[in-house]
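Open the model in your viewer and keep the selection tool ready.

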Number of protein chains: 2
Amino acid sequence: MRSGKSKVGLIGLGTVGKSVVKLWPRADGIILKRIVDKDKKKGDSALFSTKPDDILNDPEIDIVIELIGGINDAYRYIKSAIEKGKNVVTANKALLALKGEELEKLALAKGVSLGYEASVCAGIPIIRGIREGLAANRIRSIYGIINGTANFILSAMEEEGIGFARALSEAQEQGFAESNPTLDIDGLDSQHKLAILARLSFKTSVKLSDIYVEGIRRITHSDITYARELGYSIKLLAIAKAEGKRLDARVHPTLISKDNLLSSVRGIHNACFLEGDACGKMVFYGQGAGGLPTASAILSDVKAIASEKRGLFQMSSSGKVLEECLTGGSSRIGIVPIDELFTRYYVRFSAIDKPGVLARICDILGKHNISIVSVIQKERSGTRGVPIVMMTHKARESSMRKAISSIDRLNVVKEKSLFIRVEEVED
Amino acid sequence: MRSGKSKVGLIGLGTVGKSVVKLWPRADGIILKRIVDKDKKKGDSALFSTKPDDILNDPEIDIVIELIGGINDAYRYIKSAIEKGKNVVTANKALLALKGEELEKLALAKGVSLGYEASVCAGIPIIRGIREGLAANRIRSIYGIINGTANFILSAMEEEGIGFARALSEAQEQGFAESNPTLDIDGLDSQHKLAILARLSFKTSVKLSDIYVEGIRRITHSDITYARELGYSIKLLAIAKAEGKRLDARVHPTLISKDNLLSSVRGIHNACFLEGDACGKMVFYGQGAGGLPTASAILSDVKAIASEKRGLFQMSSSGKVLEECLTGGSSRIGIVPIDELFTRYYVRFSAIDKPGVLARICDILGKHNISIVSVIQKERSGTRGVPIVMMTHKARESSMRKAISSIDRLNVVKEKSLFIRVEEVED
């Protein structure tokens, strides 16, 4: 077995790192030569060191696994490893979203591989699926539930009838959300992953700032109830679509029809819907996080690289794609600004229930060319704000924002109004 | 681009072959040098020939795509191509199910690749997913809806309230079923595909005769209605599970809970649920047939091979697996005979409705240690048979068969009884 020749250094012995070590017996004789973590209390084997240089400067080590997360140190180690002619395997989506193109270009120049199957959807082989499996396709669209924490929270709100704060606490208690949950619930983690998926799928540079992002903090239990009545679930979706020569890429809470497979993705699961012009529609579904699922993906990359498939990540058909993308300028496609979005909206107003209020709201919407499909107003109260929920026909986002801003200045409106975009995903 | 060096010969210009030609502009400069079909009326280009030897004897051609289907000729061409040191890409699941191990062994010996992503689930990259993406896993179970025709028929019966014969006609009219639909509706196509998936997943030789197979001809509309009332869908499932050191592999109509994702797979779609010990549970979903989806998979293999990843299909981590499997004897694991199956059953009897009949049926079931969860008997009739539907607790298949055989000998029983196995798939 040729893979026996590879020697691997692992930097970062957290949850995923430990799972990689645990799963190492499946590595077909590939040797784990060194494990580095800055916390020396973690060192319980002869392989252990606290110095990344013990890996980076070891000429025998030809594959470096980076699992420390974060940007600066990880970037430095990965760059140094590639410059020294080592292959790199990482799960670091934040770094890849920011520096993936640069690092891939460097790896291409140095003739080494940069594997990052673990960066999106953990053990689900979606990176390999897009890069190789769908290499003959033009991908038209991606709709992904790619953050398990946000999906857990929205599912708990829907299934248990609880509010956002309580669902977040539950997620934290069960270990599905960090004590600082910003990355997950504000959509940033999904944004990072979408940047990676969109770059591979649409063969173009994608900057993080190209991707509009909005989290789930403002979704209430009543939004979920109203959405359900209307036949929808609310999911934090990462969306990327080719719109002519431009890319429409965004992450936001989204109403999707109960009939769609994505609406039945519950709890911490991930699912990614893709449409290619040859392969048709496709969904990858599974566990999108966790130590062992992520380690499963890390090892799949290590094994692929060790099998002398050095050229795999650059030189496969998707390598061509990457080369195209990496040659820069010309292949950078335009971005659809969020203001140009043209879609249906769910809108929740909170207004005093007295005659004429609904008429004033409708009047403002009408002036902005927004027409209404249906209105739900259940509770009644003369003095405090009650929710008024509307579904609109397709409207321009810029018009919607202007209309909402006017409506929110009405003195009968008691809270900042909320709108949630609707997507029609045909599975 | 190194792939520019590859030259390809295509044998078989049917639906998939034509789609491969159509998709060829996506082949990144890989040259399609020769197209062979025995029907010379299909020859409309200078590349065309009716002689497979024009490909097999051309030393410049290093990749042969076999798309003629069937066993004998396809086997001869593939074997000859491999013996001449050519890589082969094929969608021929029937041949792979019968001769896949032998051909893979030959390819391994000759140092060439045998690519067959297109043989299961068309464009869904499940072969690559299992071989490479899940290479660090022990796969525990597979549950697949891997025949679009059968799923179309069962979906139509459920959605349109029609019987089997009419649903089959609809499938034929819409081009989703052959005029001779045996392979699809009798489960043989699923059996072929399951043989391929199980060999890769469980790293063992799988003979077709190891896989119990039963088709969907006997399913009536009323079975679907009763199943729905009980909270189930009926799907033609291909199932493979590791049971200790034995493999439980079978294809049959199956009741699966309405709550399971697989139950919402409609029409011609395919879905394959997998559980690995590291990656967890996973579903691949998409179009499982059709010219372009299949061509998408064919080209993914061609591109991978052309990218000088010659060793890909043998030498990757899954290559190790295959080597293990191919070294024969010792790695061949046992098979769970269908008689040993222990599961819940849906049973439909057709009996004359008179006092004591149900008691006699229950008595026979009880003597075979089969206990009943629920009974549905809606229609009433004194003289002709009316359906009696039961759900049982878990029972041994051998007992069930014996009980049914006794019951069918009762003179109050008017038709051969039908039982359908129930699977609990936790997604």
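**Stop one: two domains of chain A**

Select domain 1 and domain 2 of chain A: their C-alpha centres lie 27 Å apart. The bounds come from an automatic or database domain assignment. Domain 1 covers 2-122 + 291-318, domain 2 covers 129-289 + 331-338, and domain 3 covers 339-423.

This is a predicted model, where local features need pLDDT of at least 70, side-chain atom pairs count only at pLDDT 80 or more, and totals for chains, interfaces and linings use all residues. Residues are numbered from 1 along each chain as its sequence is written, while chains are lettered from A and ligands numbered from 1 in the order in which they are written.

Now show where the two domains touch. Domain 1 of chain A gives 16 residues and domain 2 of chain A gives 20. (Contact: C-beta atoms, placed from the backbone, within 7 Å.)

On the domain 1 side, select helix 4 (93-110), helix 11 (291-306) and helix 13 (317-326) of chain A; each gives two or more residues. (Helices are DSSP runs of H or I, at least four residues, numbered from the N terminus.) Helix 4 of chain A has the largest share, seven residues.

**Stop two: a helix pair in chain B**

Select helix 1 (residues 15-23) and helix 11 (residues 291-306) of chain B. They pack at about 65°, axes 8 Å apart. (Axes are lines fitted to C-alpha atoms over the stretch in contact; angles run from 0 to 180 degrees between N-to-C directions.)

Which residues of helix 1 of chain B meet helix 11 of chain B? Among them are B:T15, B:V16 and B:L23. Their partners in helix 11 include B:G291, B:L292 and B:L299.
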